[in-house]
Amino acid sequence: MFNDYYETLEINTNATDADIKKAYRRLALKFHPSSNKETGSSEKFSQLGEAYEVLVDPRKKATYDEFGEEGLKGGVPPEVGSNGAWSSKYAYHENPDKTFREFFGGDNPFADFFLIDAPLQFCGLQQGTVKTQDPHMERALSLSLDDLFNGCTKKVMNEDGCQFSVKDKILTIDVKPGWKEGTRIIFPKEGDQGPNLIPADMVFILQQKRHPLFIRQHNDLIYKAHITLKMALTGFSVDVQTLDGRLISIPINDIVHPSYNKVVTGEGMPLSQDPSQRGDLILAFDIQFPKKLSAESKHLIKQALSFTK
């Protein structure tokens with residue numbers, strides 16, 4: 001009987017190594033004879049073991065993809081088999097429990113550690129094998145400044161998740177107002193899992209997207225206003241649309257020079273420890289000087305400035 005290994009694992013031919021492992025993990029748990037007593041479950045469990053062993057091995061998989069089951073088990077044509085790129089006459093060992101144990105690191109896939117109670121070897125008991133944990137996995141979480149100002153809830157697909165569930169797990173991240181770039185959100189044991197290993201921790205690292213109006217500086221927000229020289233010398237008001245949807249008008253009565261800043265207290269980012277408290281809004285100014293002046297304009301300016309101290 002022809003074995004379609006991809007169909008057995010319920011994956012397509014473009015499946016990645018992670019997809020193959022994930023599919024075997026899910027189906028092996030579903031059809032394991034210790035938990036599934038339905039007719040045909042043992043046969044299905046054996047088919048899963050064979051399909052996994054073939055598709056997870058790059059040479060066996062390449063041979064199967066190119067020449068099918070006949071080439072995999074009977075041997076590839078002599079004219080293409082001499083370069084070592086293909087596997088030679090594969091035969092499954094017919095021990096699906098061995099495949100299962102090697103994948104999960106023991107008979108109980110839900111245990112973090114497979115340890116015999118006795119710490120030493122007495123009376124024929126063997127010390128169990130301690131499962132080690134994979135290094136943590138990092139993924140970027142890009143958020144807008146609005147998200148970080150107001151707080152939000154983000155749902156992300158844990159495509160490399162190790163949980164023994166039928167579907168990929170969706171992880172929920174509650175973003176708190178005031179979180180900063182570089183904030184790390186850790187989901188213990190939600191990463192990928194290899195044989196004999198505890199699932200890695202999944203770590204999301206916050207990245208802030210660029211905002212068209214504001215630059216964030218710690219808990220402060222910097223807003224740059226473009227003004228004319230006339231405005232800089234005579235006064236004006238700046239209207240700012242805040243991140244929480246308000247329009248505030250800020251009067252500027254001082255002479256604005258190139259290094260002048262106007263600080264508006266309490267209109268910056270919320271503090272993550274206490275969102276009721278805020279940093280400051282800092283107004284910076286880009287003064288647009290005229291490119292040329294007429295002789296009369298220069299005279300009038302000199303006359304006006306002669307009265308200043």
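**Strands, loops and a cavity in a predicted model**

Strand S5 and strand S7 (residues 202-208) are antiparallel partners, joined over four bridges. The model is predicted.

**The three-stranded sheet**

- S5 and S7 belong to an open sheet of three strands in the order S2-S7-S5, and the pairing in this sheet is mixed.
- Strand S2 (137-143) and strand S5 (184-187) are the edge strands; each has a single partner strand, so one side of each has no neighbour in the sheet.
- From one strand to the next, the twist averages 25°.

- Strand S10 (residues 236-241) runs antiparallel to S11, and six bridges join the two.
- Aspartate 239 has serine 249 of S11 opposite it.
- The two strands form a hairpin, with five residues between them.
- Glycine 245 lies in the turn of this hairpin and has a positive phi of about 90°.
- In a regular strand, side chains alternate between the two faces of the sheet.
- Strand S11 (residues 247-252) has a covered face made up of Ile248, Ile250 and Ile252.
- The uncovered face of S11 has Leu247, Ser249 and Pro251.

**Strand S15 and its partners**

- Six of the eight residues of strand S15 (residues 281-288) are buried, so this strand is largely enclosed by the rest of the structure.
- Strand S9 (residues 220-228) pairs with S15 in the parallel sense, over eight bridges.
- Tyrosine 223 has leucine 283 in S15 as its bridge partner.
- Strand S12 (residues 261-264) is antiparallel to S15, and four bridges join them.
- Valine 264 stands opposite leucine 281 in S15.

**Histidine 211, a buried loop residue**

- Histidine 211 is in the loop between S7 and strand S8 (214-217).
- Histidine 211 counts as buried because its relative accessibility is 16%, and the cut-off for buried is under 20%.
- A polar atom of the histidine 211 side chain lies 3.0 Å from the backbone nitrogen of leucine 213.
- The backbone nitrogen of phenylalanine 214 lies 3.2 Å from a polar atom of the histidine 211 side chain.

- Glutamate 10 has a positive phi, near 60°, and is a residue other than glycine.
- Glutamate 10 sits in the loop between helix H1 (5-8) and helix H2 (17-31).
- With a relative accessible area of 47%, glutamate 10 is partly exposed.
- Histidine 218 is not a glycine either, and has a positive phi of about 60°.
- The loop between S8 and S9 contains histidine 218.
- Histidine 218 counts as exposed because its relative accessibility is 62%, and the cut-off for exposed is over 50%.

**The cavity**

- The model has one cavity of 30 Å³ or more.
- The largest cavity holds about 50 Å³ of space.
- Among the residues that line the largest cavity are Phe149, Phe214, Leu221 and Leu281.
- The lining also includes Thr242, Asp244, Arg246, Glu267 and Arg278.
- By type, the lining residues of the largest cavity are five nonpolar, one polar and four charged.
- Phe214 of this lining is the phenylalanine whose backbone nitrogen lies 3.2 Å from a side-chain polar atom of histidine 211.
- Leu281, also in the lining, is the leucine in S15 that stands opposite valine 264.

Note on methods
Residues numbered from 1 in each chain as written. Predicted model: local features only at pLDDT ≥ 70, side-chain atom pairs only at ≥ 80, totals over all residues. Heavy atoms only, no water. 1 Å grid on protein atoms, 1.4 Å probe; cavity = no way out; pocket = protein on both sides within 12 Å on 5 of 7 lines; lining within 4 Å. Points joined across faces, edges and corners; volume = space filled by probe spheres on them. Nonpolar A, V, L, I, M, F, W, Y, C, P; charged D, E, K, R; others polar. Pairing = 2+ DSSP bridges. Axes fitted to C-alpha atoms, helices over the stretch in contact; angles between N-to-C directions. Buried < 20%, exposed > 50% of the residue type's maximum accessible area, 1.4 Å probe, protein only. Polar contact = N/O pair within 3.5 Å; in protein donor to acceptor, adjacent residues only side chain to side chain.
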